[in-house]
Amino acid sequence: MGYLVAYALVYGIGMWHATWALAGNSQTTEVFKAKLEWTDDETVTYNTLISSSGIVGMAIGCAFGGHIIQCGRRKGAIAAHFLAIIGASITMICNVPCLSLGRVLLGTAATTLMLTFGKCVVENMPEKLASKFAMFVNAGVSLGFIPCYAMGSLLPDPEDEQANKDDENWRIIFMVPALLGIIAIVMLVFFFRDEPITFCIANNGSDEALKHMKKVYRFANPSAATVSLDEALSQMVKL
């Protein structure tokens with residue numbers, strides 16, 4: 001069970017990308033208004049554009065994320081985290097096009113990772129546990145709002161125009177997805193290297209499937225993990 005919890009947490013890191021795509025710029029409106037010298041009307045227009053770009057990215061991820069993870073759930077997750085890192089890096093250029101483009105990429109990465117997490121749960125866990133771990137998607141996104149909004153405390157008083165114009169702490173908020181992406185990639189590259197069991201079986205990866213099954217399941221005969229896939233499947237015991 002400990003392995004499965006850690007496995008879910010690593011793949012669940014991507015849920016916070018969704019949080020940042022949805023709400024990551026809501027605290028920075030006054031900062032950008034001062035820095036980019038927007039009028040009140042421009043503030044409404046440009047802030048809406050930057051905010052909605054994350055949603056556009058999430059829609060793109062829903063449409064094409066499935067194709068990204070066909071090469072492998074783990075490989076797809078790593079690619080999506082790289083996309084989030086690129087998106088966060090682009091937003092370090094403080095203008096409307098770059099802020100918008102960066103958030104489109106972040107949103108695309110977010111929904112791709114949400115798809116990946118769902119696949120990893122279904123393809124790697126016993127049915128009884130899969131239904132419990134599935135809640136990590138909603139729980140992860142919802143809990144992410146707490147630190148996301150709390151980071152607004154790093155920003156200056158909204159009424160202090162000069163302080164907002166000089167502020168650079170907004171970059172910390174926008175770079176959080178990059179930090180999360182780096183952590184996730186390190187974990188996936190060095191510690192959680194196995195593709196989900198069902199995915200391996202479907203793609204003729206019997207040896208890899210057996211290796212991963214040994215981490216997820218107990219066997220009636222422990223030596224079953226070293227024999228054929230069919231024999232191992234026949235001796236699996238529920239967690």
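Trainee: Is D157 buried, partly exposed or exposed?

Mentor: Burial is read from relative accessible area, where under 20% is buried and over 50% is exposed. This is a predicted model, and in it D157 has a relative accessible area of 46%, so D157 is partly exposed. D157 is located in the loop between α8 and α9.

Trainee: Where is E159, and is E159 buried or exposed?

Mentor: E159 also sits in the loop between α8 (136-150) and α9 (161-166). Its relative accessible area is 72%, so E159 is exposed.

Trainee: Which residues form the negative surface patch?

Mentor: Like charges are joined into a patch when they lie within 9 Å. Here the negative patch consists of E30, D157, E159, D160, E161 and D166. E30 is 127 residues from D157 along the chain, yet the C-alpha atoms of the two are separated by 8.9 Å.

Trainee: How far apart are the mean positions of the positive and negative charges?

Mentor: For the protein chain, with 17 positive and 20 negative charges, those mean positions are 15 Å apart.

Trainee: Which residues is D194 in contact with, leaving aside neighbours within four places in sequence?

Mentor: A contact means heavy atoms within 4.5 Å. On that basis D194 touches Y3, Y7, Y11, R74, E208, K211, H212 and K215.

Trainee: How does one read the spacing of residues along a helix?

Mentor: An α-helix has 3.6 residues a turn, so residues three or four places apart point the same way.

Trainee: Why is helix α2 described as largely enclosed?

Mentor: Helix α2 covers residues 14-23, and eight of its ten residues are buried, so the helix is largely enclosed by the rest of the structure. The buried residues are G14, M15, H17, A18, T19, W20, A21 and A23. They pack against α1 (2-12), α4 (40-68), α5 (73-90), α6 (96-124), α8 and α10.

Trainee: What do the totals for the protein chain say about burial and contacts?

Mentor: Of its 239 residues, 49% count as buried. Among contacts between residues at least 6 apart in sequence, 72% join residues at least 24 apart. The accessible surface comes to about 11500 Å², with 64% of that belonging to carbon and sulfur atoms.

Methods. Residues are numbered from 1 along each chain as its sequence is written. This is a predicted model: local features need pLDDT of at least 70, side-chain atom pairs count only at pLDDT 80 or more; totals for chains, interfaces and linings use all residues. Side-chain values use heavy atoms; hydrogens and water are left out. Buried means under 20% relative accessible area, exposed over 50%, partly exposed in between (1.4 Å probe, protein chains only). Accessible areas come from the Shrake-Rupley method with a 1.4 Å probe; for residues, only the protein chains shown count as cover. Lys and Arg count as positive and Asp and Glu as negative; His and the chain ends are not counted. The place of a charge is taken as NZ of Lys, CZ of Arg, CG of Asp or CD of Glu. Patches are made of residues with over 30% relative accessible area and no salt bridge: like charges are joined within 9 Å, nonpolar side chains (Val, Leu, Ile, Met, Phe, Trp, Tyr) within 5 Å. A salt bridge is a side-chain nitrogen of Lys or Arg within 4 Å of a carboxyl oxygen of Asp or Glu. Helices (H or I, at least four residues) and strands (E, at least two) are DSSP runs, numbered from the N terminus.
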